[in-house]
Amino acid sequence: MRKFLTIIIIVCVINLINLFAQAPEDFYIIRMDESTLRSLITKGKVDILMKKNGKYYLLVDRTEVRRFLRKGLRFEFAENELLPPVSKHGLNGAYHSYSELERDLIDLEKSYPEIAKVFDIGDSWENRNIYAIKISDNVEYDEDEAEVFFVGCHHAREWISVEIPYLLAHYLLLNYTQDSKIKWIVDNSEIWIVPMLNPDGLEYSITTFRYWRKNRRDNGNGSYGVDLNRNYGYMWGYDNIGSSPNTFSQTYRGPYPFSEPETQAIKNLFEQKNFKVAVSYHSYSQIILYPWGYKKEPSPLNDLLEELSSKMSELIYQVKGNLYEFGQGGSFLYLTNGDATDWFLGTFNIPAFTIELPPVDFISGGFFNSEEDIIPIFEENLPAALYLIEWAIITNN
Ligand SMILES: [Zn+2]
């Protein structure tokens with residue numbers, strides 16, 4: 001027994017040394033077997049990154065590590081073990097970095113000056129521009145056409161969520177003169193696309209810590225970042241289940257609603273426009289979610305939300321046979337408060353969707369989509385995006 005205790009103490013000491021020596025700021029990647037994971041899951045939500053060689057990899061914060069150590073849970077630190085294979089195209093591969101997105105958006109504007117215009121709608125904490133591209137005929141003017149909104153990258157590590165809205169812009173512009181349906185859509189709507197809402201977090205995810213989720217606010221106590229998708233002003237901080245008041249948490253909601261320049265940029269844009277529908281891309285899970293997220297009861301628009309997401313799911317399925325399930329966020333997945341879609345619906349009374357892009361789960365790769373996944377995921381999501389724009393045009397008239 002004494003020997004056993006000594007071993008336990010040694011393991012704890014090694015873990016504690018690791019805790020302070022290897023820390024990428026506030027978060028740690030740990031590895032555990034299935035039975036340990038199961039005992040954790042029964043006690044609440046955990047941030048699973050991936051399953052590899054029979055082990056489960058989790059992202060945890062300092063408080064969680066301390067709690068697991070106190071409980072005597074068996075786990076190991078697994079820093080640097082999970083990085084994806086080096087890509088053909090540098091660190092971020094075919095995925096956009098901040099400067100690559102900036103360059104490509106400006107190129108689109110130059111190539112299609114009649115129907116594309118790039119706006120800087122706000123600056124991040126680290127002074128990067130938050131770009132929106134507007135696509136419409138007479139793009140210089142604010143016409144009385146259906147305004148629609150697409151946004152990606154609230155969460156830094158969800159790289160695929162930048163590519164899908166960017167490629168939507170690219171597709172609309174490229175096909176405008178050749179495809180009469182696309183021309184009709186662009187001529188009769190004003191499409192606003194913000195592919196990268198969280199440029200600081202994204203850059204940090206590329207250069208420093210692949211699993212970074214939040215923005216890069218310095219919280220002043222050794223922790224960084226606010227979860228931008230918990231910082232919106234509708235039912236912000238409703239409870240501590242759907243968001244966290246703890247600055248070290250992955251779902252830290254910020255000190256007050258719209259405390260972050262990134263969410264403030266979206267707020268300003270929405271107050272100037274009259275959006276009819278909004279889509280926020282995330283990954284992973286392969287599902288379509290709609291408000292409410294903050295509670296399990298349905299919203300006043302529930303029938304419409306169900307109808308639109310059912311149709312989107314069907315359109316996605318028709319492309320390659322991939323099923324995106326759909327449902328109300330708060331009852332179907334888990335509770336969230338202060339998220340973008342609750343604010344879109346709660347404040348502007350418009351249908352709003354969170355599309356969690358593939359893969360379906362962490363066993364299939366979690367946050368790592370290969371470069372080869374980008375185009376197929378875009379192709380299957382395109383008809384659903386076009387359908388929502390058409391819906392907005394028809395209901396606007
Ligand atoms: Zn997300």
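## Around L168

Let's start with L168 and what it touches: F150, I193, L382 and A385, leaving out residues up to four places away in sequence. Touching here is a matter of C-beta atoms, placed from the backbone, lying within 7 Å. L168 sits in helix α5 (residues 160–175); helices are DSSP runs of H or I with at least four residues, strands are E runs of at least two, and both are numbered from the N terminus.

Is L168 buried or exposed? L168 is buried because it has 25 C-beta neighbours inside 10 Å (20 or more count as buried, 12 or fewer as exposed, and anything in between as partly exposed). L168 and N381 are 213 residues apart in sequence, yet their C-alpha atoms are 9.1 Å apart in space.

## About the model

This is a predicted model, where local features need pLDDT of at least 70, side-chain atom pairs need 80 or more, and totals for chains, interfaces and linings use all residues. Numbering runs from 1 along each chain as its sequence is written.

Helix α9 (residues 302–320) packs on helix α12 (residues 374–396) at about 145°, with axes 8 Å apart. Axes are lines fitted to C-alpha atoms, for helices over the stretch in contact, and angles between N-to-C directions run from 0 to 180 degrees.

## The sheet

Now for the strands: 8 of them form an open sheet with mixed pairing, ordered β5-β6-β8-β7-β9-β12-β10-β11. Pairing takes at least two DSSP bridges. At the edges are β5 (116–123) and β11 (325–328). Strand β10 (residues 287–290) runs parallel to β11, joined by 4 bridges, and Y290 stands opposite Q328 in β11.

Conventions: Contact = placed C-beta atoms within 7 Å.
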